[in-house]
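Please read it alongside the sequence and the coordinates.

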Number of protein chains: 2
Amino acid sequence: MSAVLILGIDPGLIRCGWGVIASEGSRLTYVAHGVIKSPPQQQLASRLHDVFEGLCAVMGEHQPHEAAVEETFVNSNARAALALGQARGVALAAAARAGIAVAEYAPATIKKAVVGAGHADKTQIAFMVRRLLPTAGEVSADAADALGVALCHAAYGGFHRRARV
Amino acid sequence: MSAVLILGIDPGLIRCGWGVIASEGSRLTYVAHGVIKSPPQQQLASRLHDVFEGLCAVMGEHQPHEAAVEETFVNSNARAALALGQARGVALAAAARAGIAVAEYAPATIKKAVVGAGHADKTQIAFMVRRLLPTAGEVSADAADALGVALCHAAYGGFHRRARV
């Protein structure tokens, strides 16, 4: 099989979305998706490890060849950036542990690749993810974002794979 | 042996400092210290995994019972907070992987515990770390900060261990 399996990740501590698609030429197929949740009452370190372990398990099960995450939009909220950074750090480390290169895409690039417009909102992303991957069934917002990043990588991967990360 | 082995971590992507001390009653003994560096030319994900693996190796070798990190001072620089968050995330996840609880201490608390004044500068921390742990020998700034956090945990651990994280 010459299909490339792509793992998209939407890192987060409360909810870490992930989605796997297969890209074979111009054909895109849905493989799997899910959301890793960590109990809020646990210690921060333990929750971060849950995300790390959860993603390691996903990669162990689905054996993706490549991974992609959204480039983080750094706004003025440093506290939120620190929290997101912590979840993002373990997601990236988990991919590296599996020996998978991680590409990063700007939000506007993902929107353009999935919806055709750089200013699309999240609802449109979710709508197009369901259209492009009809066998995915019901997809939560976090997993839709993750599948969106994977779709973007399938579209732009050849260009960005080496340059961006 | 009833000594408690404490691992202090100063998370960072370019340089992640660590230090282990043994605390037995009021007696504090230096055990080991070091700095984990990741090659800047590598991919971010791979570097984060280097930090994770490096800390896992340190914990595997020294088998600390408890760990401590500095509570991150979130200033207005969101980009720096994101970068620090990524390194911090893998450090916390590595400790959780080893089954070690991680305490967090505010910078002022660490300074007060090590130097006796909450407004002490880094030079004073390094000076006192060398005074309190004379067998440590030459200690770089990152490792001195890590040993400082470990000393703080030895001093305040009983109080803060459960409350802070």
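## The sheet of chain B

In this predicted model, chain B holds an open sheet of 5 strands, arranged in the order 3-2-1-4-5 and with mixed pairing. The edges of that sheet are taken by strand 3 (27-37) and strand 5 (102-105) of chain B, and since each has a single partner strand, one side of each is left without a neighbour in the sheet. On average, and with direction ignored, neighbouring strands here are turned by 25 degrees against each other.

Within this sheet, strand 1 (residues 4-10) and strand 4 (residues 66-70) of chain B run parallel and are joined by 4 bridges. As for individual positions, B:Ile6 stands opposite B:Glu66, a residue of strand 4 of chain B.

## The sheet of chain A

Chain A likewise contains an open sheet with mixed pairing, whose 5 strands follow the order 3-2-1-4-5. Strand 3 (27-37) and strand 5 (102-105) of chain A form its edges, where each has a single partner strand, so that one side of each is left without a neighbour in the sheet.

A:Ala22 stands opposite A:Thr29, which belongs to strand 3 of chain A.

## How the two chains are related

Chain A is superposed on chain B by a rotation of 180 degrees with 0.0 Å of shift along the axis, leaving an RMSD of 0.0 Å. The two copies are thus related as by a two-fold rotation axis. Of the interface residues of chain A, 100% are also interface residues in chain B, so the copies meet through the same surface.

## A loop residue that reaches the other chain

A:Val74 lies in the loop between strand 4 (66-70) and helix 2 of chain A. When its neighbours within four places in sequence are left aside, A:Val74 is in contact with B:Ala78, B:Arg79 and B:Leu82. Between A:Val74 and A:Ala150, which are 76 residues apart in sequence, the C-alpha to C-alpha separation is 21 Å.

## The largest pocket

Divided by class, the lining of the largest pocket comprises 9 nonpolar, 2 polar and 9 charged residues.

Methods
Residues numbered from 1 in each chain as written. Chains lettered and ligands numbered in written order. Predicted model: local features only at pLDDT ≥ 70, side-chain atom pairs only at ≥ 80, totals over all residues. Heavy atoms only, no water. Least-squares fit on C-alpha atoms with pLDDT ≥ 70 in both. Contact = heavy atoms within 4.5 Å. Nonpolar A, V, L, I, M, F, W, Y, C, P; charged D, E, K, R; others polar. Pairing = 2+ DSSP bridges. Helix = DSSP H or I, 4+ residues; strand = E, 2+ residues; numbered from the N terminus. Axes fitted to C-alpha atoms, helices over the stretch in contact; angles between N-to-C directions.
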